[in-house]
Amino acid sequence: MAAIKVHGFHASTATNMVLCCLNEKQVEYDFVLIDLLTGAHKKPQYLALNPFGVVPTIQDGDLTLFESRAILRYLAQKFKGQGTDLLGSTLSEEALVYQWCEVEGQSFNPPVSTIVSQILVVPRRGGSTDEAAVEMNIEKLGKVLDIYEERLSKSKYLAGDFFSLADLQHLPHTHYLVSACGKGDLISSRKHVNAWWEDISSRPTWQKVAENMKVN
Amino acid sequence: MATIKVHGHHLSTATRLVLCCLEEKQVDYELVVVDLAAGAHKKPQYLALSPFGVVPTIQDGDLTLFESRAIVKYLAKKYKGQGTELFGNSLSEEALVEQWCEVEGQSYNSPASAILFQILFVPMRGGTTDEAVVEMNVEKLVKVLDIYEERLSKSKYLAGDFFSLADLQHLPTTHYLVTACGKGDLISSRKHVKAWWEDISCRPAWKKVSEKSS
């Protein structure tokens, strides 16, 4: 069986979410670099795979799939019974996984990706960090993290007492927030969020991927 | 078996998504109205169910679940084999459903909701629509709809030649864009998007939910 192809970029949070999931499920893959710095993601060859011109996209046999969170759910279902179980053990647990995955996608990701973009990306493109935007999004993120603190005081991981896609989805952006944006205090100031972060970020499957995300 | 309770508001787009899904799956439910105008969603009683203080939340036996897109996935899985199939018929089809659900949640929803917010909600609260914000979001939405037009020229529905959660997720917000915000031209100017919209918005389950005024 041909290995899954992952078209992505080594520093892309969405790409690394998918690579981490492949590691957790012990699935072989081929990495095909789409160099965002040269605009490869906007060229016709890539747009033919993914009309939205963003990374990653996977190819698994006849199936071409984009949107990292959809790719995660596909991999978790297809390789159920292999590697780490990422969807819980019952339909109710799976529902809670979906719930916290949506929380990540709808409430956590927007403020955190704005912070990371302003602090890491904008200066690299010759602009200056919009500090007001950073402040505003730190406030929003703080409110979300307060809810996580409450949740994680009752539950080891977000969806329950089991690691799942919901926790995995948080790894890449939080990694940049803590290690490259100087905003680690948002995590470390919250006892249960901090314990959860230390736990999930020390998973070997993640550590392997985080190597791709070193920022000078 | 106890009926599923939906805590929400019949005018809320996210609540309507869940109600429409329940109708498609032919599942009995009880709508418990959360009075948004009175701030009921921010009171301790509701926050105990759903700490983010947004609607809807469902209760199905011991399970309490929020986030409308998670709720519809749960319902589609739990009631597989009953009512309309909403996840396709194979793992690959399910994956494409998930993909287009994410496109709705990540690329369509944000500009569409921003337009709704400016045109419908801001004046309701005594403010003035920011036309520049509307314009900016119309531009973003147009780029997404152009991709939909291309996709729907090859495929009857978003995930394939079958109606799915991916199409369903577009109903509530698009309905308001077309019927209440005067932005119907965004849909009607695109031949395949228009045909798709006319098809999905005529489904009985959607009509039942959207025509209910109280």
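## Interfaces between and within chains A and B

Between chain B and chain A there are three salt bridges, a salt bridge being a side-chain nitrogen of Lys or Arg within 4 Å of a carboxyl oxygen of Asp or Glu. In one of them the side chains of Arg73(A) and Glu102(B) meet, with 2.6 Å from N to O. This is a predicted model, in which local features need pLDDT of at least 70 and side-chain atom pairs count only at pLDDT 80 or more, while totals for chains, interfaces and linings use all residues. Residues are numbered from 1 along each chain as its sequence is written, chains are lettered from A and ligands numbered from 1 in the order in which they are written, and side-chain values use heavy atoms, with hydrogens and water left out.

### The contact between the chains

Chain B and chain A each bring 30 residues to their contact, where contact means heavy atoms within 4.5 Å. The size of an interface is often given as the accessible area lost when the parts come together. For chain B and chain A the buried area is about 2,600 Å², and carbon and sulfur atoms give 69% of it; buried area here is the accessible area (1.4 Å probe) that two parts lose on being put together, summed over both. Phe52(B), Gln99(B) and Glu102(B) supply 21% of the area that chain B buries against chain A, more than any other three residues.

Seven residue pairs, both members at pLDDT 80 or more, are in polar contact across the interface of chain B and chain A. A polar contact is a pair of N or O atoms within 3.5 Å; within protein, one must be able to donate a hydrogen and the other to accept it, and residues adjacent in sequence count only if both atoms are side-chain atoms. On the side of chain B that touches chain A, at least two residues come from each of β4 (63–66), α3 (68–78), α4 (91–124) and α5 (131–152) of chain B, and α4(B) gives the most, with 14 residues. By class, that side of chain B has 15 nonpolar, seven polar and eight charged residues, where Ala, Val, Leu, Ile, Met, Phe, Trp, Tyr, Cys and Pro count as nonpolar, Asp, Glu, Lys and Arg as charged, and the others, Gly among them, as polar.

### Fold of each chain

Chain A has 10 helices and four strands, and the secondary structure of chain B likewise comes to 10 helices and four strands; helices (H or I, at least four residues) and strands (E, at least two) are DSSP runs, numbered from the N terminus. From the N terminus on, the elements of chain B run β-α-β-α-β-β-α-α-α-α-α-α-α-α. The C-alpha trace of chain B spans about 50 × 45 × 25 Å along its principal axes. With 214 residues, a compact globule would have a radius of gyration near 17 Å, and the 17 Å of chain B agrees with this; the radius of gyration is taken over C-alpha atoms, and the globule rule is 2.2 Å times the number of residues to the power 0.38.

### Domains within each chain

Domain bounds come from an automatic or database domain assignment, which gives domain 1 (4–79) and domain 2 (91–210) in chain A, and domain 1 (4–78) and domain 2 (91–208) in chain B.

| Domain pair | Buried area | Share on carbon and sulfur atoms |
|---|---|---|
| Domain 1 and domain 2 of chain A | about 1,500 Å² | 62% |
| Domain 1 and domain 2 of chain B | about 1,400 Å² | 60% |

In chain A, 14 residues of domain 1 are in contact with 19 residues of domain 2. Thr13(A), Glu24(A) and Arg69(A) lose the most area on the domain 1 side, together 35% of what that side buries against domain 2 of chain A. Two salt bridges are counted between domain 1 and domain 2 of chain A. Arg69(A) forms a salt bridge with Glu104(A), the closest N and O atoms being 2.8 Å apart. Arg69(A) lies in helix α3 of chain A and Glu104(A) in helix α4 (residues 91–124) of chain A, so the pair ties together parts that are 35 residues apart in sequence.

In chain B, 13 residues of domain 1 are in contact with 20 residues of domain 2, and the count between these domains is five salt bridges. The side chains of Glu104(B) and Arg69(B) meet in a salt bridge at 2.8 Å, N to O. Six residue pairs, both at pLDDT 80 or more, are in polar contact across the interface of domain 1 and domain 2 of chain B. On the side of domain 1 of chain B that touches domain 2 of chain B, α1 (13–24) and α3 of chain B each supply at least two residues, and α1(B) gives the most, with seven residues.
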